[in-house]
Amino acid sequence: MKSIFAVMRKEIKEAFRDRRTLIMSVLLPAVLVPAIVLGIFYFEGQSVKQETKSGYTVAFQGSEELRSFLANANLKVIDSKDVSDMVLQKKADVGVVEEQTSSHSQITVVTSFASGSKGENAASYVNGILPSYRELRIKQYLATKGIKDDVFSLVVVQSKQVGEPNAFLKFMLAYIVSLVMLSSGFVGNVYLGTDIGAGEKERGTLESLLATPVSRFHIAMGKWLALAVLNSIGTLITLLSFTFSYTYALTNFDLGLGVTAGTSALSIWGSGIWAMVIGAILLSLTGAALQFIISIYSRNMREAQLYLGQMGMVILPFIFVLIPSLTNATAMPTWLYFVPIVNASAVTYNVIIGNVVWPLIGMAFLIDVVVAIILALVVSKFMNKESVILRI
Amino acid sequence: MIEVQNLQKHFGNVEALKGVSFNCKSGQVTGLLGPNGAGKTTTIRILSTILKPISGSAKVNGFDVVKDASKVRSSLGVVLENTGLYRRLTGDENVLYFADLAGVSRPEAYKRMEVLYKLLEIDYGKRQAGTYSKGMAQKLNLVRAVIHDPPVLILDEPTAGLDVPSTLAVRTFVKQQRDSGKTVLFSTHLMNEAELLCDYVYIINLGSIVAEGSPEELKQRTQSNSLEEAFMKVVKQ
């Protein structure tokens, strides 16, 4: 055990003295992640503000009555003989065409397949106010027939939202955090991974290390544990800086979502923090072992970086596995706890949304530890293979 | 003591060792001389338990390199060719790391470090190894290799590329180790150095031992004025 900790201590000490490691694992997550998140949300907020201020432009063809209705609804109405063309040319955000027949008035809302979010928002806004126009016209018609308009009171439809305000934001936060965790914990900290195996070969220190009385298994375990600890720290810094900047941006930059400071759905204190700690450790155990295997197999650091960079592709299928839980706003399914790597994300997601099942978390932890130890054994076998050690 | 019997090793179709046998006695510096690609490094890697032989046997301090690999490594201090230091650790930390791996207690390690630093004139142990010159690094490599006071020392080209003061320091160190009764296997392709340091030499060429004896014996046998001349005559045969 002493030799395992000696190897682990040395690796951690070396990593903390390496400027590149500090920049990649501490400085970038702590500075760059918040800068990106805050930047994106700030510009999105500015865009929403601009949209609200300038309003929507409508290319219009129809009656004066509908024209006035739209103008009174804070829309900028431009008369046009070819509404579709104006929408296609992006001279208007949306088009409205009213055709009068002998029996009724036919209103068509025109949007382009190529319209951006502003066009879609404009169409949604117009579609939202047109029922009021229809009601207005029907009331006018009934008045001409001498019928009271209280028929509209026969059926009153209203909507009501129950539960915690902005509850969906919690699922959104859980999903994004679990994805950031996958990318950071599994493929992040690549430099550390390359240094711990291929770096030893490149510097010519591996053979001296293998000639010491320590067993290959102990060397592998020490290096794996060091990498797991360093990966956990890096992942946790990334997650915390992401989460704080994300929640700050949502509550402070007006995105039109009605999110204010103190929105309980975005609170990560307590179980949220624990979820990130548990998830980061879980993911780092297996992630570190895989990084180590690739690193020790590689000829040099350059080759290791190439392979480890490709490892990012492995997480893509998992991203899709996680999507249904977000779209349905439900907990991650139980079977995910049994799949190494992705179970870290599942645990984090479920704990953030408040679905804490300790036996399952324990099971996931156990599975990941067993898998990681098997992988560490593979590394120690690799260290006994001449074709791997001398592959320089 | 090192006993090597009929050691064979292949790398694919390449026969690196074709039945090498030799012995190294305690209190002697035994030279393993040969041109590049002769099989010196492969032999040393087998003795250090980094590689396994295909056939034959090798014992270090009485322990078999295959069956008792861990005990062999405990008995060995090895400086391999092109060995590096951990650049971000200080010299002291490099040495103490290897002391920890060998199970040497900290007080004992500090005591030995002090003696060895004095012998090799090392006063830069507090500096990060990345700042060392080749000679400085090699002297520290020697300290790192013997911090656990092993009875057997294997040195593969320890003076390659070193300046004169560093080379002299390494030679003094090797002599001191021999005088303290250790078994020293010294691999080199520099014949003048072998002549100065080695009590007995084995000349290896194309994976086989082609000659052995003390430097004086080899010179007499080949009617040569220097070991270099003797070496060339043996290798060309």
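Visitor: In which helix of chain B is the place of N141(B)?
Guide: Helices here are DSSP runs of H or I with at least four residues, strands are runs of E with at least two, and both are numbered from the N terminus. The run that holds N141(B) covers residues 134–146 of chain B. That is helix α5.

Visitor: What kind of model is this?
Guide: Residues are numbered from 1 along each chain as its sequence is written, chains are lettered from A and ligands numbered from 1 in the order written, and side-chain values use heavy atoms, with hydrogens and water left out. Local features need pLDDT of at least 70, side-chain atom pairs count only at pLDDT 80 or more, totals for chains, interfaces and linings use all residues, and the model is predicted.

Visitor: Is N141(B) buried or exposed?
Guide: Buried means under 20% relative accessible area, exposed over 50%, and partly exposed in between, with a 1.4 Å probe and protein chains only. N141(B) has 4% relative accessibility, so the label is buried.

Visitor: Which residues is N141(B) in contact with, leaving aside neighbours within four places in sequence?
Guide: Contact means heavy atoms within 4.5 Å. With those neighbours set aside, N141(B) touches V79(B), T83(B), G84(B) and L85(B).

Visitor: What is the phi of T49(B)?
Guide: Most residues other than glycine have a negative phi. T49(B) sits in the loop between α1 (40–47) and β4 (55–60) of chain B. T49(B) is buried, at 8% relative accessible area. T49(B) is not a glycine, yet its phi is positive, at about 65 degrees.

Visitor: Where in chain B is E157(B) found?
Guide: E157(B) also has a positive phi, near 45 degrees. At 6% relative accessibility, E157(B) counts as buried. Its place is the loop between β7 (152–156) and α6 (164–179).

Visitor: How many salt bridges does the structure hold?
Guide: A salt bridge is a side-chain nitrogen of Lys or Arg within 4 Å of a carboxyl oxygen of Asp or Glu. Over all chains, the total is 30.

Visitor: Which residue forms a salt bridge with R299(A)?
Guide: R299(A) is partly exposed, with a relative accessible area of 37%. The closest N and O atoms are 3.3 Å apart, and the partner is E303(A).

Visitor: What is the N to O distance between R106(B) and D100(B)?
Guide: R106(B) is partly exposed, with a relative accessible area of 36%. Its side chain meets that of D100(B) in a salt bridge, N to O, at 2.7 Å.

Visitor: How many helices and strands does chain A have?
Guide: Of its 392 residues, 49% count as buried. The DSSP count for chain A is 15 helices and 4 strands.

Visitor: What is the radius of gyration of chain A?
Guide: The radius is taken over C-alpha atoms, and the globule rule is 2.2 Å times the number of residues to the power 0.38. The C-alpha atoms fill a box of roughly 105 × 45 × 30 Å along the principal axes. The rule gives 21 Å for 392 residues, and chain A is more spread out than a compact globule because its radius is well over that, at 30 Å.
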